Amino acid sequence: MSFAGNAPEIDVMVLGLAPKGQAMAGAIDPLGHRKNALDAFLERKVGEGFRIETHADTHAIIVGGRKSLLNRFRGRGAGSRYVVSVDEHGAVTMIPAEPRRN
């Protein structure tokens, strides 16, 4: 390859952009279907009294639920933690999470 007088031809690719409606190779959720499914699920859970502790495009940690007055007197008012995740098909799962460490 000679550089005398002529610059080498370079293929330029802008990372992170794909034509609208097309998936990018290697992207986790290129069209946002997983994010949308998770967001809708979390919105319902917040309406049920849960609070979002952390939230990413494909998973979240939520805490709480409706707390009864009786559970507050028993010392169980802190609420339970759950890991919420969404798979590549948009199916959302919610499983118990480890207690938060201080």
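This is a predicted model: local features need pLDDT of at least 70, side-chain atom pairs count only at pLDDT 80 or more; totals for chains, interfaces and linings use all residues.
Trainee: How do you know that the length of H1 agrees with its residue count?
Mentor: Helix H1 covers residues 33–47, 15 residues in total. At 1.5 Å a residue, H1 should span 21 Å. The end C-alpha atoms are 22 Å apart, so the two values agree.

Trainee: Which residues of H1 are buried?
Mentor: Arg34, Leu38, Phe41, Leu42 and Lys45. Buried means under 20% relative accessible area, so these five names each fall under that cut-off.

Trainee: Why do the buried residues of H1 line one face of the helix?
Mentor: Look down the axis of H1. The buried residues fall within an arc of 100 degrees, so they line one face.

Trainee: What is exposed on the other side of H1?
Mentor: His33, Glu43 and Gly47. Exposed means over 50% relative accessible area, so these residues lie over that value.

Trainee: What do the buried residues of H1 pack against?
Mentor: Strands S1 (50–55), S2 (59–64), S3 (80–86) and S4 (92–96). Contact means heavy atoms within 4.5 Å.

Trainee: What makes S2 and S3 a pair?
Mentor: Pairing needs at least two bridges. Six bridges join S2 to S3, so they pair; the strands run antiparallel. Gly64 has Ser80 in S3 as its bridge partner.

Trainee: How many bridges join S3 to S4?
Mentor: Five, and these strands run antiparallel. Against the cut-off of at least two, S3 and S4 therefore pair. Val83 has Ile95 in S4 as its bridge partner.

Trainee: What lies between S3 and S4 in the hairpin?
Mentor: Five residues. Gly90 in the turn has a positive phi of about 90 degrees.

Conventions:
Residues are numbered from 1 along each chain as its sequence is written. Side-chain values use heavy atoms; hydrogens and water are left out. Helices (H or I, at least four residues) and strands (E, at least two) are DSSP runs, numbered from the N terminus. The expected span of a helix is 1.5 Å times one less than its number of residues. Buried means under 20% relative accessible area, exposed over 50%, partly exposed in between (1.4 Å probe, protein chains only). The arc is that of the directions from the helix axis to the C-beta atoms.
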